[in-house]
Amino acid sequence: MRRFSILAVACLVVALAFTTNAWSFGRKTVIKIGINAPITGDIPKVGEGTKYAAEMWLEDVKKAGGLEVGGKKYPVELVIEDNEAKAESAVKANTKMITEDEVLVIVGPQSSKQAVPAGDVANNYETPMISPWSTNPNTTKDRPYVFRGCFLDPFQGPVLANFITEEFGFKKAAVLYDVASDYPKGLAEFFKQAWEKLHGPGSVVAYESFTTKDTDFSSQLTKIIKSGAQVLFTPQYYNEVALIVQQAHELGWKGPIVGSDSWGSAETVQLCGKDCYGLFFSTHYAAAGATGATKAFIDRYQKKYGYVPDDVAALTWDSLGIVKTAIESLDKLTGKIKKDRKAVRDAMARVKNYKGITGQMTFTEDGDPIKCAVIVRISDKGEYEFYKSVCP
Amino acid sequence: MESTKSNPTLSQDGFWSRLRSGLARVPVIGWLAGGLCAVMVEYFLGDALSYYLGLPKIPVLFGFVTMLKKPLLIPSSTAYVILVYLIPLVAVGLLTAGPANRLAAFLHRRALWLSAIIHLVLLYTIIHIWSDISDYRLLLLKLTMIAIMLTLSINVINGYMGEFSCSHPGFMALGAYSASTMTLILFTNDKLFGPALLPPALGPYCYPLALIFGGVVAALGALVVAIPSFRTRGDYLAIISLAFMFIVKSVIENLEFVGGPRGMGSQPNWSNLPTVFVWTVLCVWVINNFVRSTMGKALNAVRDNEMAADAMTVDTRKTKIVTFMFGAFWAGVAGGLFAHVLRYVNPGTFGIQKLAEILAMVYFGGLNSVVGSVVGAVSINLLSEMLRPLELFKWIVIPLLLILVMIYRPTGLIAFREFDVRKILRPKQ
């Protein structure tokens, strides 16, 4: 019995000696960049946009022969992990990428409900992370290692309130939002605050809510119409936007409807059709009529994947661009991952006036960018036209 | 059964059959010794070994992830697993079979608790050393153990009592939120509740109280489901319990003081490995005793025929109330632990998706069986991590496995099996 096991071990050892010779892998410094994206789950379109943008970015980097740090080119690898649009999966994915794959930087997760807990992991392990799309202030708050690629809701709310006041001169607004979803609820509150600051208390004449996956909004819309509001603000996602706008028009709503960056998906117009033409929303970038680098990105993406990229893809692209700038601004990579991560974090905090396709970016101390919002008008052809740019 | 296994002359005198009969003689304590040896080998030699095998790092989950990501590394990953886990485990198991059996026999004659504690200490040492290699393993272990608690607690209701209850994510949410609220108010300076009321140093000692509080709140919530269960069964109860889950979710969404849909964060990091391990063991022990008690037999009677059970003097109302509250209590405790592992909870986590996960684990593992629940929770959790590199196809492979299990073993992998600790720990010679 024992003779057999010893023999087996001996055989294996010999066999392994050969495999070691056959596969002579060394451990050299490779820059690994983690992507934490919702590839499956509730919002697969967001994950797809993230993945595609990252792959395009990798293509460019590979073409250039890798990232150049201190005159030396390092190969780059992407580690794409699926977070299934779940908080605990995002935490697992981050822990795995940080401790197992030893990534230098993490880009993602996109939604706040994954980015808030995942940011905690990244900060605890002192690994720089940049969430391109998360708008919840808690994602970056008191976390020196966590950054984001988009503006926050406390900025977007006042931008919209000011825009409506200047553009239409209205005094009474109505808000319709999803009370069960983090993003619309937060933005609705910030808009209400900003509007009441401009026009006095009570100027938001209707503040109506519904719950995720509701499809009939007629009771709320009837109340809104009866309240005498001049404009309706609804910071909802594309599938709800179509329903709200169509139902509002059926019930006889005549005034404008204004939205936020969650409208920015390509699906909004497809689902909503003519009802959405002529409406305004604030977002990170406007696809129609874009120029320069933004146009180049959009054309390339459209050619490769067959549709116009939405804001998630553009923000991911920019976040990766910031990561690249930060890494390339270093003098050298030590190969010791902890030191390098800290160096990259400091370099990211130092990035000034980064010219991205979604505008210029400089990080505040909290890791939030100072950048302009774009007001987009949905044209009569259903394209997202640049209307005006609002800067802080 | 016993004699064929331990008698080598009955089978062919080949290498494999001798190995097989040799392995059958190894008692649990021998396997634990082998496991300990394997993780020690990995702890001290793993890094060097993986280097010489051309692996980028120590394979984190038995080489699965590495294999799926880079098929070229399949031979070296397999070799690593064989060298580090299989050979020490089998070799030590076989070599120490004699003394291990004598030790097991000695412990067998002593009190059960002594033997159980010795085995558990060994088991804990193994998982501690194993998880020391990487924090990813640690996190995975903690979440897996929490999943074991959840699966067991739903098995009491869905398996032993035979009611189809869908409210488990709701119970878990109640536990998670109550335990977090307590630790945040009392021991943490945070954004939601302001400064701590008690000195934070006391916190880790009072953490069990917070977990029990979470469990109790969940148990109170379970009353809401238990009372309608007097009148309805089957589909109707499933719908009522599903409604309960949604009620809990929307209540939390509308409660501003716990953060609403934004969720609640910055819980202290008190769910470390020993804590989770102790609670899991406690949960397995208590639930196992519960289902083997008179009450447990009453549960089966209610499942098989409620009217007959009633006629045979089983108090069906009491049975149902107690079972629902008992199952919910452990779900609440698991929720509390979960919240302190992730250190963030939001109501969206405790929705249909969570329910599907819990149900998959319990039906995969097996109804009416403690071992089945453990097997189900561990395998679904490990599988979903191991198959991570497959991305979208993961959600084809796992459901396919579930379907296959449902075809070939309709009640789950290990169903209707009693978990007798004394029998498991006994010597094999």
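Are Cys272(A) and Cys276(A) buried or exposed? Cys272(A) is buried. Cys276(A) is buried as well. Keep in mind that this is a predicted model. The points below start with this pair and then move on to the chain contact.

1. **The Cys272(A) and Cys276(A) pair.** These two cysteines are joined by a disulfide, with an S to S distance of 2.1 Å. A disulfide is a covalent bond between the sulfur atoms of two cysteines. The torsion about this S-S bond, between Cys272(A) and Cys276(A), is about 90°, so the disulfide is right-handed.

2. **The Cys372(A) and Cys391(A) pair.** A disulfide also links Cys372(A) and Cys391(A), with S to S at 2.0 Å. Here the torsion about the S-S bond is about 100°, so this disulfide is right-handed too. The pair ties together distant parts of the chain, 19 residues apart. Cys372(A) sits in the loop between strand 15 (369–370) and strand 16 (373–378) of chain A. Cys391(A) sits in the segment after strand 17 (384–390) of chain A. How accessible are they? Cys372(A) has a relative accessible area of 25%, so it is partly exposed. Cys391(A) has a relative accessible area of 46%, so it is partly exposed.

3. **The disulfide count.** Over all chains, the structure holds 2 disulfides. In chain A they follow the pattern 1-2, 3-4, when bonded cysteines are counted along the chain.

4. **Two cysteines of chain B.** Cys37(B) has 27% relative accessibility, so it counts as partly exposed. Cys206(B) has 19% and counts as buried, because the cut-off for buried is under 20%.

5. **The contact between the chains.** Together the two chains bury about 4600 Å² between them. Of that area, 57% is on carbon and sulfur atoms.

6. One salt bridge pairs Asp182(A) with Arg262(B). Their closest N and O atoms are 3.1 Å apart.

7. **A residue to look at: Glu88(A).** Where is Glu88(A)? Glu88(A) lies in helix 3 of chain A. Its relative accessibility is 5%, so Glu88(A) counts as buried. Look at what Glu88(A) touches in chain B: Phe338(B), Leu342(B), Thr349(B), Lys354(B) and Glu357(B). Residues up to four places away in sequence are not counted here.

8. **A buried helix face in chain B.** Which residues of helix 13 (residues 294–304) of chain B are buried? They are Met295(B), Gly296(B), Ala298(B), Leu299(B), Asn300(B) and Val302(B). An α-helix has 3.6 residues a turn, so residues three or four places apart point the same way. The cover over the buried residues of helix 13 includes helix 8 (135–160), helix 12 (273–292), helix 14 (306–311) and helix 15 (316–342) of chain B.

9. **A cis peptide bond.** The bond from Gly108(A) to Pro109(A) is cis, with omega near -15°. Pro109(A) lies in the loop between strand 5 (105–107) and helix 4 of chain A.

10. **Positive phi at two glutamates.** Glu102(A) is not a glycine, yet its phi is positive, near 50°. Glu102(A) is found in the loop between helix 3 and strand 5 of chain A. Its relative accessible area is 35%, so Glu102(A) is partly exposed. Glu126(A) is not a glycine either, and its phi is positive at about 55°. Glu126(A) lies in the loop between helix 4 and strand 6 (129–131) of chain A. With 43% relative accessibility, Glu126(A) counts as partly exposed.

Key:
Residues are numbered from 1 along each chain as its sequence is written. Chains are lettered from A and ligands numbered from 1 in the order in which they are written. This is a predicted model: local features need pLDDT of at least 70, side-chain atom pairs count only at pLDDT 80 or more; totals for chains, interfaces and linings use all residues. Side-chain values use heavy atoms; hydrogens and water are left out. Buried area is the accessible area (1.4 Å probe) that two parts lose on being put together, summed over both. A salt bridge is a side-chain nitrogen of Lys or Arg within 4 Å of a carboxyl oxygen of Asp or Glu. A disulfide is a pair of cysteine sulfur atoms within 2.5 Å. Buried means under 20% relative accessible area, exposed over 50%, partly exposed in between (1.4 Å probe, protein chains only). Helices (H or I, at least four residues) and strands (E, at least two) are DSSP runs, numbered from the N terminus. Contact means heavy atoms within 4.5 Å.
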